[in-house]
Amino acid sequence: MLADRERALDALTDKTLSPGRLLLGWLLTGVFMLGWMFAVLGLQSAAEGGVEYVYAAAYLILAAGALIPSLLGIRAGLRTGKEARRRLRLWAALDRDAMRDGGFRAGGRVWFWLLMSLLPCAGALAVGGSAVAEMLTTSTAVKDGSGLAYAWGLTAPLAAAGAHGLATALAHRRWFRSFNAGTR
């Protein structure tokens with residue numbers, strides 16, 4: 001039974017902290033941001049009216065084609081991660097093996113997730129900070145709201161992707177500490 005437990009914990013740790021999972025989250029975030037850009041362009045074209053309605057329809061179709069699959073993919077990834085963490089807790093609760101349980105710490109992968117999740121957070125800070133600085137310093141520019149919409153569409157997904165990565169890494173670290181507390 002301990003061998004089955006070890007294999008299950010190893011597979012679930014790999015699934016939870018896979019670098020491919022982090023990169024897939026980034027890809028889906030990028031596709032979401034692209035869809036947001038198309039949506040803003042479509043709404044701008046619709047506001048201009050006339051022949052621009054054709055462009056608005058095309059942009060909004062492209063936006064739906066990017067936003068809907070990316071949101072479904074992000075949702076599926078969040079559910080998969082939640083289920084993997086639940087199973088990780090259940091398998092870990094079965095028994096303790098002091099000799100082999102230290103390997104589930106996954107220190108390198110946790111640090112990778114922590115450090116790589118700081119990149120989208122820094123990107124969100126840079127985009128949001130530059131948008132706020134531009135809005136505060138340019139008093140003569142016409143503020144039609146599209147600049148704010150672009151800033152929100154770039155800042156919020158980057159911040160959410162970074163926060164999710166940080167939360168995943170810290171949740172695994174917290175799980176390992178509570179899991180390992182029984183063997184000390």
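Which residues form the largest nonpolar core? In this predicted model, that core has nine residues: Leu9, Leu12, Ala84, Leu88, Ala92, Phe104, Trp175, Phe176 and Phe179. The elements that each give two or more residues to it are α1 (2–16), α3 and α5.

**Nonpolar cores**
- Leu88, a member of the largest core, touches Leu9, Leu12, Thr13, His172 and Trp175, when residues up to four places away in sequence are not counted.
- In soluble globular proteins, nonpolar side chains tend to be buried together.

**Helices α3 and α4**
- Helix α3 has 41 residues and spans 59 Å from its first C-alpha to its last, close to the expected 60 Å.
- Among the buried residues of α3 are Ala56, Ala63, Ser70, Gly81 and Leu88.
- Helix α4 (residues 107–137) has 31 residues and reaches 44 Å between its first and last C-alpha, close to the expected 45 Å.
- The buried residues of α4 include Val110, Trp113, Leu114, Pro120 and Gly128.

**The largest pocket**
- The largest pocket has a volume of about 400 Å³.
- Its lining has 19 residues, of which Gly25, Thr29, Ile74, Leu78 and His164 are the closest to the pocket centre.
- Helices α2 (19–48), α3 (52–92) and α5 (146–181) each supply at least two lining residues, and α2 gives the most, with eight.
- By type, the lining consists of 12 nonpolar residues, six polar and one charged.

Key: Residues are numbered from 1 along each chain as its sequence is written. This is a predicted model: local features need pLDDT of at least 70, side-chain atom pairs count only at pLDDT 80 or more; totals for chains, interfaces and linings use all residues. Side-chain values use heavy atoms; hydrogens and water are left out. On a 1 Å grid over the protein atoms alone, a cavity is a set of points where a 1.4 Å probe fits but cannot get out, and a pocket is an open set with protein on both sides within 12 Å along at least five of seven lines; lining residues have an atom within 4 Å of a point. Grid points are joined across faces, edges and corners, and a volume is the space filled by probe spheres set on the points. Helices (H or I, at least four residues) and strands (E, at least two) are DSSP runs, numbered from the N terminus. Ala, Val, Leu, Ile, Met, Phe, Trp, Tyr, Cys and Pro count as nonpolar, Asp, Glu, Lys and Arg as charged, and the others, Gly among them, as polar. The expected span of a helix is 1.5 Å times one less than its number of residues. Buried means under 20% relative accessible area, exposed over 50%, partly exposed in between (1.4 Å probe, protein chains only). A nonpolar core is a set of buried Ala, Val, Leu, Ile, Met, Phe, Trp, Tyr and Cys residues joined through side-chain atoms within 4.5 Å. Contact means heavy atoms within 4.5 Å.
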